[in-house]
Every structure is written in C-alpha cells, then in structure tokens.
Amino acid sequence: MNKIFNIYGTDSHSMTKKLLEESNAINLVPSGGNVALKPNLVVAGTPDNGATTHAGVLSSCIEYFMDNGVKDISVIEGSWVAADTMRAMKRAGYDKVCEKYNVPFFDLKKDKTKTLQTEIGSMEICSRALDAGLLVNLPVLKGHCQTVMTCALKNLKGCLPDREKRRFHSLGLTKPIAALGAVLKTGLIIVDSICGDLDFEEGGNPVQTNRMYLGTDPVMIDSFGCSLMGLDLDDVPYIKLAEKFGAGSTKFSSENIINLNEPEHSAKISRPSGTVAKLIKNVHEDSACSACYASLVRALNVNGRGLRENIYIGQGWKNKTIPDGALGIGNCCKNSSRNVKGCPPSAKDIAEKLRV
C-alpha cells in the first residue's frame, strides 16, 4: 500500500473505523497473528491538550480487529523517561477502553528486550514490539522542541527501554530515530491529527486540525505530516535519513492521497490563548473550517511570527470585500488580490506565500 487515506472530523472512534474499513487493514494481519497497538502516551495528559492519542482511536482499532477475527490484541507503550506509563494510560482514558474489551495493556518500561544491529550499531528494542504479528503505530502529529516535528518514526521511541531512550538523546536523536525506523517495522500507521500540539511533545498549545490519516510507510506518513505542518523535509532531518536507511520513501503526490470526506465548515473557531493567540492576532476569521484554520496557524508558526499583514480566512468572506493587498486563505477567499488556493490549502503552500 503506497496510499494515504485521509479523513476529517472530530469523532476519533468513527474516523478510525472508516479509515480501517476503507483501507482493508485486516489484510495486513498475518494468518493467526497477533495485533499490538502502540499509541503516543509521552506524558500523563488528556488528548485534547495535544500530546496523546485519543482513546477512541484505540477502541475503534480493537473493535475492528476483533470483529474481523483477531483473537490476540494488546496495547503497548512506554512513556518518556520522566513519566509513569500507567498513570499516563489512565489519564488518557485507556484503562476504561482496555477493561471494556478485555484487552491487556503492557508497560514497555518493564518489558524484556532484544538487541538488534542497526545503521548506528547495536540497539535494545522491547520484545513485545518486535514480536507483534502486526504492529500498529498510532502517533499524534505534533511539534517537538528538539526535532521540530514528531509523528510515526519518532513515536517508535516508546518501544525502547529507558536506558536506550537516554542514549538516543546523547546521540542527538536524528540518526537513532532513523535507524530505529529501519529495523522496527510497523505494518500499519494511523495518525491522530485531531488537535496535535504546535510546538511541544508534551502538549499545551493544541491546534484543532480535525484530521486523521492512515498508511503503511512511516517515511511517507512523516513526509505528508511535514507538508501539513508547513515544513520542508530538511527541517526534520531524520525523515530523509530514514529513507536512506531503508525505512520507506519520502515520495508522495496528490495521487497517493485518498480523501474519504471533505472538511466541515465550523460556525465558530475558538480563540485560543498562549502561543496560538499571538500568531493569529492579525487574522480575520469568519466561519472557517478547522482544517483550513489549522493550516494557517501552522504556517504562521513556521514562517509568520511577528507578521503584521492582515489575513482573511473562512467561508463568511465569500460575498464580502477583502481589502486590497490582504492575504486570503483557501478557496473561500479567492476574491482576494493575494490568495492561497485549496480546500483546505496546505500549511506548506501558505508558508511559502508568507515569504513573498
């Protein structure tokens, strides 16, 4: 599968179900094989803070694979070095999901490990991740203070013991992340991009994107994620390096993207506080959809901090006058003298326009 299935909405359970059904994900499970679900539980926080995978993603995956005859399903994860995995899983609501479906949760901090040879030498990896018949990677697309972006490839770091996580940081993250992605194979990736954080792995500045997407190539998934965040591949060096190491391909085009629906227009976009509020101080929004609005916020974060020009966005501007010279975002504002086309436009296209 070299396709990416893309869906918009706010219900993580139903969105995940649609992605799984449309992609025929059951065909990826080896005969008689088990399924291990690996979410992002970096810290103890609620998903709406922009750091952790929504519980609905897990519940939908469990239902889907159970309904298709898979008997052995588990949830596996190890939070970052400073965090308690079990506290994080309860905070995210995973304890209720696991109890409802009678599915075990394994803290990988306590797991046995196997040593594999990689492009950077030997590496300890948790056995439950390596032994999975189908390892399902469930990352959150979000910013990161050290690697700029984190998604499919970096989420695999949770499949390491804490001592290996510490070593990754001592080695600078880029090479170890790429090397890990080449030896720890994930057969399926479902990205939770409903409200990933703008800057930080641990959340705090969520951006309501209302999007999820599915694929099987972690390098392609991360490359697509870069475009959604307004980033160039050179901004996130481990992606190209992972391609070099054989983890996947950075190549994708519109032909690879299968859109299962269109983004819904929102009657009201909430006015966030903190970093996001500063970024949008010159934005004139009228009934913008969250997907379009999120692309703008991410583009401003990459290439628009301190920008003073007026920006217009939202379907409410279709029949209104937009001042000459102002930048209009998306097809709803195509009547502006300067416009970024798309429904929604990508953050990368908006960022490029902001440079002019």
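Predicted model: local features only at pLDDT ≥ 70, side-chain atom pairs only at ≥ 80, totals over all residues.
Me: Which residues of H1 and H2 make the contact?

Reply: From H1, Ser12, His13, Thr16, Lys17, Leu20 and Glu21 take part. On the H2 side you'll find Gly56, Val57, Ser59, Ser60, Cys61, Glu63, Tyr64 and Phe65. By type, this contact splits into 5 nonpolar, 6 polar and 3 charged residues.

Me: What makes Thr16 count as buried?

Reply: Buried means under 20% relative accessible area. Thr16 has a relative accessibility of 0%, so it counts as buried. Thr16 sits in helix H1. Neighbours within four places in sequence aside, it is in contact with Gly56, Val57, Ser60, Cys61, Ile190 and Met212.

Me: How do you know that H2 is roughly parallel to H4?

Reply: Go back to the angle. H2 and helix H4 (residues 94-101) pack at about 15°, with their axes 9 Å apart. The cut-off for roughly parallel is under 35 degrees, so H2 is roughly parallel to H4. Their crossing is right-handed. The H2 residues in this contact are Ala55, Leu58, Ser59, Ile62, Glu63 and Met66, and H4 brings Tyr94, Val97 and Tyr101. That contact of H2 with H4 divides into 7 nonpolar, 1 polar and 1 charged.

Me: How do you know whether Leu173 is buried or exposed?

Reply: The relative accessible area of Leu173 is 3%, and the cut-off for buried is under 20%, so Leu173 is buried. Leu173 also has a positive phi, about 70°, although it is not a glycine. It lies in the loop between helix H7 (162-170) and H8.

Me: What makes up the largest nonpolar core?

Reply: This core has 45 residues, and those with the most contacts inside it are Leu141, Met149, Leu180, Leu184, Tyr213 and Ile221. Several elements supply at least two residues each: strand E6 (121-126), helix H6 (152-155), helix H8 (174-183), strand E10 (188-193), helix H9 (218-228) and helix H10 (237-244). H9 gives the largest share, 6 residues. Another core, of 38 residues, lies apart from this one and has Leu41, Ala88, Val103 and Ile190 among its members.

Me: Which residues is Leu180 in contact with, leaving aside neighbours within four places in sequence?

Reply: Leu180 is in contact with Met123, Ile125, Leu156, Lys157, Leu160 and Phe168.

Me: Why does Ser223 count as buried?

Reply: Its relative accessibility is 3%, and buried means under 20%, so Ser223 counts as buried. Ser223 is part of helix H9. Not counting residues up to four places away in sequence, it touches Leu233, Ile239, Thr250 and Phe252.

Me: Which are the buried residues of H10?

Reply: They are Tyr238, Ile239, Leu241 and Ala242. These buried residues of H10 pack against strand E9 (148-150), H6, H8 and H9. After H10 comes Gly246, with a positive phi near 95°.

Me: How do you know whether the peptide bond from Cys343 to Pro344 is cis or trans?

Reply: Look at omega: it is near 0°, and the bond from Cys343 to Pro344 is cis. Pro344 is in the loop between strand E16 (338-340) and helix H13 (347-355).

Definitions and conventions. Residues numbered from 1 in each chain as written. Heavy atoms only, no water. Core = buried A, V, L, I, M, F, W, Y, C linked by side-chain atoms within 4.5 Å. Buried < 20%, exposed > 50% of the residue type's maximum accessible area, 1.4 Å probe, protein only. Helix = DSSP H or I, 4+ residues; strand = E, 2+ residues; numbered from the N terminus. Contact = heavy atoms within 4.5 Å. Nonpolar A, V, L, I, M, F, W, Y, C, P; charged D, E, K, R; others polar. Axes fitted to C-alpha atoms, helices over the stretch in contact; angles between N-to-C directions. Parallel < 35°, antiparallel > 145°, perpendicular 65-115°, else oblique. Left-handed = near helix turned anticlockwise from the far one by under 90°.
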